[in-house]
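Good morning, colleagues. May I ask you to turn to the structure on the screen, which I shall discuss briefly.

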Amino acid sequence: MTPLPQTEGNESVHEPLSRQLERLLRAQSEQPLTANGLLAATGGRGGWLVMVLLALPFVAWVSVPGLSTVAGPMIAILALRMSSGRVPRLPARLGDRPLHPRTRQAILTGGLRVCRWIEKVIRPRRTGWIRRPWARRFHGWLIAFLAMLMALPLPSPPFFGSNTLPSYAIILLAFSLLEEDGWMIWAAYLMSVVAVGYFVALGGLVLWHLTEWMDLLLRLLWWAG
């Protein structure tokens, strides 16, 4: 795969995330796009950037079926690795797998607009507590939990927003941690509560759907055997 442009020095720290994402995606327009390739290209901020990138395709209320079941675990693994201070990298089976072409298109068409809107209000402020080890662990586990909610195999009708609400929370959390914005992260917490509340409110329906899905899966495995 053709190496992606490297980010260096202070310029990478202050470069708007939307501009960096767009540049990286267009640089690889003719090449397979992988999560580990982006992580290698973006240096220290790569983990948060890739989490945002993987969550962006779900900002629309109706997303591509099946995409979240791959993106969710990838986000969760990255978040847990970063929460423990490890190098942000995915197992080869996930990280070196080319991302779906619709992922790139979803980011370029609608996702970058969301990034640009957030960038208008986010900036470093009241950052001290965000850097503490307990805060890093808490945020890593919170993002991982939201990512697994996003990954649940729920169809858009009747579960409109089952991918979208967790994706908004993940994007706001990753942005706030990337820019060390101790104020904006409270908006991310609020969005996280809304996302979890959505699943709690529809808990019975979600449980019924998952039971039916597991029953169908077991039947298919039985027939295949």
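I shall speak about a helix pair, the nonpolar core and one serine.

Please bear in mind that this is a predicted model.

Let me begin with the helix pair. Helix H8, residues 133-150, packs against helix H9, residues 164-179, at an angle of about 155°, and the two axes lie 9 Å apart. Angles over 145 degrees count as roughly antiparallel, and H8 and H9 are therefore roughly antiparallel to each other. Their crossing is left-handed. On the H8 side, the contact is made by His139, Leu142, Ile143, Leu146, Ala147, Leu149 and Met150. H9 contributes Pro166, Ser167, Ala169, Ile170, Leu173 and Leu177. By class, this contact has eleven nonpolar residues, two polar ones and no charged ones.

I turn now to the core. The largest nonpolar core has 59 residues, and Met51, Ile75 and Ile143 have the most contacts inside it. Several elements give two or more residues to this core, including helix H2 (17-27), helix H7 (101-119) and helix H10 (184-201). Which helix gives the most? It is H9, with ten residues.

Ile143 deserves a separate word. Leaving aside residues up to four places away in sequence, Ile143 touches Trp48, Met51, Ile75, Ala79, Ile170, Leu173 and Leu177.

Finally, the serine. Ser83 is located in helix H5, residues 68-83. Is Ser83 buried or exposed? Its relative accessible area is 4%, under the 20% cut-off, so Ser83 is buried. Beyond four places in sequence, Ser83 touches Arg136, Arg137, Gly140 and Trp141.

Thank you for your attention.

How values were computed. Residues are numbered from 1 along each chain as its sequence is written. This is a predicted model: local features need pLDDT of at least 70, side-chain atom pairs count only at pLDDT 80 or more; totals for chains, interfaces and linings use all residues. Side-chain values use heavy atoms; hydrogens and water are left out. Helices (H or I, at least four residues) and strands (E, at least two) are DSSP runs, numbered from the N terminus. Buried means under 20% relative accessible area, exposed over 50%, partly exposed in between (1.4 Å probe, protein chains only). Contact means heavy atoms within 4.5 Å. Axes are lines fitted to C-alpha atoms, for helices over the stretch in contact, and angles run from 0 to 180 degrees between N-to-C directions. Angles under 35 degrees count as roughly parallel, over 145 as roughly antiparallel, 65 to 115 as roughly perpendicular and the rest as oblique. A crossing is left-handed if the near helix is turned anticlockwise from the far one by less than a right angle, and right-handed if clockwise. Ala, Val, Leu, Ile, Met, Phe, Trp, Tyr, Cys and Pro count as nonpolar, Asp, Glu, Lys and Arg as charged, and the others, Gly among them, as polar. A nonpolar core is a set of buried Ala, Val, Leu, Ile, Met, Phe, Trp, Tyr and Cys residues joined through side-chain atoms within 4.5 Å.
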